[in-house]
Amino acid sequence: MEANGLGPQGFPELKNDTFLRAAWGEETDYTPVWCMRQAGRYLPEFRETRAAQDFFSTCRSPEACCELTLQPLRRFPLDAAIIFSDILVVPQALGMEVTMVPGKGPSFPEPLREEQDLERLRDPEVVASELGYVFQAITLTRQRLAGRVPLIGFAGAPWTLMTYMVEGGGSSTMAQAKRWLYQRPQASHQLLRILTDALVPYLVGQVAAGAQALQLFESHAGHLGPQLFNKFALPYIRDVAKQVKARLREAGLAPVPMIIFAKDGHFALEELAQAGYEVVGLDWTVAPKKARRRSGSW
């Protein structure tokens with residue numbers, strides 16, 4: 001610990017590193033706890049703060065994101081904080097319009113329908129500069145956490161982002177996005193590559209801004225079977241981890257544990273365990289003991 005109580009990046013020294021030690025596979029005195037939707041609708045103060053402006057305006061306000069991230073920690077003895085943001089800020093930064101429709105969820109007025117629609121997307125390298133407000137929120141929150149617990153950054157995985165961009169919103173079947181995989185496999189890979197190239201500098205930027213762990217959300221893994229998942233999701237999940245780690249080294253930044261959470265991706269546990277992440281997140285349909293055996297953790 002430095003004499004002034006600050007860590008090497010000038011942030012307050014971390015007092016509770018239980019979550020990080022567990023993520024690195026080290027022994028801990030107890031099982032650390034945090035909630036996936038930590039800054040969420042279950043808190044009345046969250047609803048009050050969110051009512052003041054529309055969803056994406058909130059995401060673009062570092063002060064509001066910081067407040068929403070800290071609210072749960074004032075009530076509960078959690079072992080980590082996760083920055084308030086949304087996975088769809090990445091398609092926005094690529095030039096797509098996204099609105100949050102009350103009672104419906106995210107909506108893309110002009111989704112990707114044809115192969116040539118990919119030409120509308122911005123160069124993925126500009127995404128990190130477009131999302132400076134997320135980095136500002138992370139730095140502000142890290143300061144205000146005062147070392148109480150670590151701060152997690154996150155992003156959506158390429159396939160999950162693709163589903164929204166092609167479907168134009170949420171879907172129970174992902175019929176449009178899956179049609180792309182079958183009818184436009186080359187264009188699908190092109191889009192998934194664009195998203196990967198956008199995500200890598202974005203995640204590295206989150207670490208540079210102060211994130212102490214990263215989570216990649218493959219929220220729509222369950223819409224793919226093993227074959228399609230192995231072809232269109234897993235290679236990009238692997239590539240994100242590989243490239244983020246390489247870029248952190250190149251930038252002289254300390255490594256951070258990375259978490260992959262593939263909802264309903266129980267069929268790919270073994271593959272995810274070998275994808276380059278320190279932690280594999282499980283959904284409620286998976287028995288942790290069985291998952292540990294299958295993934296080689298025991």
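**An annotated span and its surroundings**

Modeller: In this predicted model, the span of residues 152-168 is 59% helix and 29% strand, and its end C-alpha atoms lie 28 Å apart.

Biologist: What does UniProt place at residues 152-168?

Modeller: The feature is "domain: Uroporphyrinogen decarboxylase (URO-D)", which UniProt places at residues 32-41 and 152-168. The UniProt entry is unreviewed.

Biologist: And how much helix and strand is there in residues 32-41?

Modeller: That span is 0% helix and 0% strand. Its end C-alpha atoms lie 22 Å apart.

Biologist: Let us turn to the whole chain. How many helices and strands does the chain have?

Modeller: The chain has 14 helices and 7 strands.

Biologist: Which radius of gyration does the chain have, and what would a compact globule have?

Modeller: The chain has a radius of gyration of 19 Å. For 298 residues, a compact globule would have a value near 19 Å, so the two agree. Along the principal axes, the C-alpha trace spans about 60 × 50 × 40 Å.

Biologist: How many of the residues count as buried?

Modeller: Of the 298 residues, 53% count as buried. The accessible surface comes to about 13,900 Å², and carbon and sulfur atoms account for 50% of that surface.

Biologist: What share of the contacts comes from residues 24 or more positions apart?

Modeller: Such pairs account for 72% of the contacts with a separation of 6 or more.

Biologist: A change of topic: how many positive and negative side chains are there?

Modeller: There are 32 positive and 32 negative side chains. The centres of these two sets lie 5 Å apart.

Biologist: Now the backbone. Where is Met-174, and what is its phi?

Modeller: Met-174 sits in the loop between α8 (158-167) and α9 (175-183). Its phi is positive, about 55°, although the residue is not a glycine.

Biologist: Is Met-174 buried or exposed, and why?

Modeller: Met-174 counts as buried because its relative accessibility is 1%, and the cut-off for buried is under 20%.

Biologist: What about Asp-264: where does it lie?

Modeller: Asp-264 is in the loop between β6 (258-262) and α13 (269-273). Its phi is near 60°, which is again a positive value in a residue other than glycine.

Biologist: How does Asp-264 count in terms of accessibility?

Modeller: At 27% relative accessibility, Asp-264 counts as partly exposed, since that class lies between 20% and 50%.

Notes. Residues numbered from 1 in each chain as written. Predicted model: local features only at pLDDT ≥ 70, side-chain atom pairs only at ≥ 80, totals over all residues. Heavy atoms only, no water. Helix = DSSP H or I, 4+ residues; strand = E, 2+ residues; numbered from the N terminus. Rg over C-alpha atoms; globule rule 2.2 N^0.38 Å. Buried < 20%, exposed > 50% of the residue type's maximum accessible area, 1.4 Å probe, protein only. Contact = heavy atoms within 4.5 Å. Areas by Shrake-Rupley, 256 points an atom, 1.4 Å probe, with all protein chains shown as cover. Lys, Arg positive; Asp, Glu negative; His and termini not counted. Charge placed at Lys NZ, Arg CZ, Asp CG, Glu CD. UniProt positions renumbered as here; feature names shortened; annotations may be inferred.
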